Amino acid sequence: MHIPDGFINIPTAAGSALLATAGVGYALKGAKAKLDEKAAPLIGLVAVFVFAGQMINSPVASGTSGHLLGGALAAVLVGPYAASIALTVVLVIQALLFADGGLTALGLNIFNMSVIGVWGGYGAFLLLRKAFRYTKSAVLIGSTVGAFISVPLAATSFSIQYAIGGEGTFASSTVFTAMFSTHILIGIGEAIITTLTVGAILKTRPDLVYGMAKVRK
Amino acid sequence: MNTKRLYIIGFAITLLIAGVFSFYASSSPDGLEKVAIDLGFIDTAKDSAVSGSALADYGVQGVENERLSVGIAGIVGVLATGLVMYVIVRLLGKSKN
């Protein structure tokens, strides 16, 4: 999922970096407004957990592996604003310290995962939580579906970036079809890990979960 | 479960994943790499400017033992992520008050 340097041309990467900056700025503003001292350590824990989770590639199909994105997981646990910041920190550390994801591609990656992955996953979560009438189970179902959908959404975002500025001559539809179908599979793993993690915290300390707001006790 | 205990357990699990389990991660190409290989645009990838850094590709330069190398890299990554996140949250909290 981490785009290396060279896949996508510099103007498109720069454009994405601008969008990503706007997204992170919005997240900082929102996180500041919503910051609850009690939740602060959980934000840190979620960030490090996502970093660790992204290190674990699991086989998803023959010759393909996938790892956690963590956008929906983070959004349900600490809210979309803090989640967006946490994912961004993870991506910056990965690119700078571990050469995972290109430096010129950082804006593309932040846009796909910290903005699209987080907000797409959280949007689906909100819809499902509402559809299942704001119960604790609704929070869990929303987390599952939000996590599942966030991965193909981020893959779609890559396909759009590639269609605009890919350094290759492939039909946009070919890239999209391949990216989408592969990432549907990876989304299943995302849904499993997210459901287990959110489920464990809902069981022990539901009061700490951001997504439990508005849920009948 | 009290809050402190939850955080300690959560952090311990995180360190275990990054420091120990990471060694067992699949080395197959990820979704994007696989698509790039299959369609044939993997060659357009360029090395990152920091690809020669001491921790590049989740290994510590000079540490021969693979298990130790990825484990240390993982723990350094967790600590770095935690530190940056802590500073940001503190600054946000300060600017709020």
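## The β1–β2 hairpin of chain A

In this predicted model, strands β1(A) and β2(A) run antiparallel and are joined by three bridges. The two strands form a hairpin with two residues between them. G63(A), which lies in the turn, has a positive phi of about 75°. Across the pair, A61(A) stands opposite T64(A), a residue of β2(A).

## Helix α1 of chain A

Helix α1(A) has 25 residues, which should span 36 Å at 1.5 Å a residue; the end C-alpha atoms are 35 Å apart, so the two values agree.

The buried residues of α1(A) are T12(A), A13(A), S16(A), A20(A), G23(A), V24(A), A27(A) and A31(A). An α-helix has 3.6 residues a turn, so residues three or four places apart point the same way. The cover over the buried residues of α1(A) includes α4, α5 (106-131) and α6 of chain A, and α3 of chain B contributes as well.

## The nonpolar core

The largest nonpolar core has 96 residues. Within this core, the residues that touch the most other members are V46(A), A47(A), V50(A), A74(A), L77(A) and A86(A).

## The contact between chains A and B

Chain A brings 56 residues to the contact and chain B brings 51 residues. Helix α2(A) gives the most, with 12 residues. By class, the side of chain A that touches chain B consists of 35 nonpolar, 16 polar and five charged residues.

## Chain B as a whole

Chain B contains three helices and zero strands, in the order α-α-α along the sequence. The C-alpha trace of chain B spans about 50 × 35 × 30 Å along its principal axes. The radius of gyration of chain B is 18 Å, whereas a compact globule of 97 residues would have a value near 13 Å.

Buried residues account for 28% of the 97 residues in chain B. Among the contacts in chain B with a separation of 6 or more, 47% are between residues 24 or more positions apart.

## Helix α1 of chain B

Helix α1 of chain B covers residues 3-19, 17 residues in total. From first C-alpha to last, this helix reaches 24 Å, close to the 24 Å expected at 1.5 Å a residue. In α1(B), the buried residues are G10(B), T14(B), I17(B), A18(B) and G19(B). They pack against α2 of chain A and α3 (66-96) of chain B.

A12(B) also lies in helix α1 of chain B. A12(B) is exposed because 10 other C-beta atoms lie within 10 Å, and a residue counts as exposed at 12 or fewer. A12(B) and A56(B) are 44 residues apart along the chain, and their C-alpha atoms are separated by 24 Å.

Technical notes
Residues are numbered from 1 along each chain as its sequence is written. Chains are lettered from A and ligands numbered from 1 in the order in which they are written. This is a predicted model: local features need pLDDT of at least 70, side-chain atom pairs count only at pLDDT 80 or more; totals for chains, interfaces and linings use all residues. Two residues are in contact if their C-beta atoms, placed from the backbone, lie within 7 Å. Helices (H or I, at least four residues) and strands (E, at least two) are DSSP runs, numbered from the N terminus. Ala, Val, Leu, Ile, Met, Phe, Trp, Tyr, Cys and Pro count as nonpolar, Asp, Glu, Lys and Arg as charged, and the others, Gly among them, as polar. The expected span of a helix is 1.5 Å times one less than its number of residues. A residue is buried if 20 or more other C-beta atoms lie within 10 Å of its own, exposed if 12 or fewer, and partly exposed in between; C-beta atoms are placed from the backbone. The radius of gyration is taken over C-alpha atoms; the globule rule is 2.2 Å times the number of residues to the power 0.38. Two strands pair if DSSP finds at least two bridges between them. A nonpolar core is a set of buried Ala, Val, Leu, Ile, Met, Phe, Trp, Tyr and Cys residues joined through C-beta atoms within 7 Å.
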